[in-house]
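Biologist: Let us go through this structure together, question by question. Please close each answer on the value or name requested.

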Amino acid sequence: MVPHIPAGHNNPTSTYNGLRGLSQPVNLAVRNLDKLSIAAINGVAIQTGFSLALACDFRIASTEARMGSATLRFGLLPDEAANICSYK
């Protein structure tokens, strides 16, 4: 269900684009489930983990949970399809 990561990850930009190509379909698949999904966050959820939590219908976080996104910090749209997932 997830596309193959292409070769040639010899720099941070191509590695980032390859991983984003994997995480976007996963987040959209979770978002489009016909069953309720629950994210249980007990630790750090930054960038992709945060986007995956946003894709779920419900989020439950412990008092130890830390969530964030560097893109939001700078006023940019979230990555990994979080901008699509957050509009329910």
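Biologist: In which strand is I38 found?

Modeller: The model is a predicted one. The protein chain has 4 helices and 4 strands, in the order α-β-β-α-β-β-α-α along the sequence. The strand in which I38 is found is β1.

Biologist: Is I38 buried or exposed?

Modeller: A residue counts as exposed when its relative accessible area is over 50%. I38 has a relative accessibility of 58%, so the residue belongs to the class called exposed.

Biologist: Which residues form a nonpolar patch on the surface?

Modeller: I38, in strand β1, is one of the members of this patch. Another is L36, from the loop between α1 and β1, which counts as exposed because its relative accessibility is 67%. The patch has about 470 Å² of accessible area together, and its residues are L36, I38, F58 and I60.

Biologist: Which residues does L36 touch, leaving out those up to four places away in sequence?

Modeller: L36 is found in the loop between α1 and β1. Its C-alpha atom is separated by 7.6 Å from that of C56, 20 residues apart along the chain. Contact requires heavy atoms within 4.5 Å, and the residues that L36 touches are D57 and F58.

Biologist: What distance separates the C-alpha atoms of L33 and D57?

Modeller: L33 is also found in the loop between α1 and β1. With a relative accessible area of 47%, L33 is partly exposed. L33 and D57 are 24 residues apart along the chain, and their C-alpha atoms are separated by 9.7 Å.

Biologist: Is S37 buried or exposed, and at what relative accessibility?

Modeller: S37 is found in the loop between α1 (12-31) and β1. Apart from neighbours within four places in sequence, S37 is in contact with V30, A55, C56, D57 and F58. The limit for a buried residue is under 20%, so S37 counts as buried, with a relative accessibility of 9%.

Biologist: Which residues make up the largest nonpolar core?

Modeller: In soluble globular proteins, nonpolar side chains tend to be buried together. In this chain of 88 residues, 28% are buried. The largest nonpolar core has 8 residues, namely V30, A39, I41, A45, A53, A55, C56 and A65.

Biologist: Which elements give two or more residues to this core?

Modeller: The core includes A39 and I41, as well as A53 and A55. Strand β1 covers residues 38-41 and helix α2 covers residues 48-55. The elements asked for are therefore β1 and α2.

Biologist: Which residues does V30 touch, not counting those up to four places away in sequence?

Modeller: V30 is one of the residues of the largest nonpolar core. S37, itself buried at 9% relative accessibility, has V30 among its contacts. The residues that V30 touches are S37, L52, A55 and C56.

Biologist: How far apart are A40 and A53 in space, C-alpha to C-alpha?

Modeller: A40 lies in strand β1 and is exposed, with a relative accessible area of 71%. A53, by contrast, is listed in the largest nonpolar core. A40 and A53 are 13 residues apart in sequence, and their C-alpha distance is 8.0 Å.

Biologist: What distance separates the C-alpha atoms of R59 and I38?

Modeller: R59 lies in strand β3, residues 58-61, whereas I38 is found in strand β1. R59 counts as partly exposed because its relative accessibility is 40%. R59 and I38 are 21 residues apart along the chain, and the C-alpha separation is 5.7 Å.

Biologist: How far does the backbone oxygen of C56 lie from a polar atom of the side chain of R59?

Modeller: A polar contact requires N or O atoms within 3.5 Å. The side chain of R59 has a polar atom 3.2 Å from the backbone oxygen of A53. For the backbone oxygen of C56, the distance to a polar atom of the R59 side chain is 2.6 Å.

Conventions
Residues are numbered from 1 along each chain as its sequence is written. This is a predicted model: local features need pLDDT of at least 70, side-chain atom pairs count only at pLDDT 80 or more; totals for chains, interfaces and linings use all residues. Side-chain values use heavy atoms; hydrogens and water are left out. A nonpolar core is a set of buried Ala, Val, Leu, Ile, Met, Phe, Trp, Tyr and Cys residues joined through side-chain atoms within 4.5 Å. Buried means under 20% relative accessible area, exposed over 50%, partly exposed in between (1.4 Å probe, protein chains only). Patches are made of residues with over 30% relative accessible area and no salt bridge: like charges are joined within 9 Å, nonpolar side chains (Val, Leu, Ile, Met, Phe, Trp, Tyr) within 5 Å. Accessible areas come from the Shrake-Rupley method with a 1.4 Å probe; for residues, only the protein chains shown count as cover. A salt bridge is a side-chain nitrogen of Lys or Arg within 4 Å of a carboxyl oxygen of Asp or Glu. A polar contact is a pair of N or O atoms within 3.5 Å; within protein, one must be able to donate a hydrogen and the other to accept it, and residues adjacent in sequence count only if both atoms are side-chain atoms.
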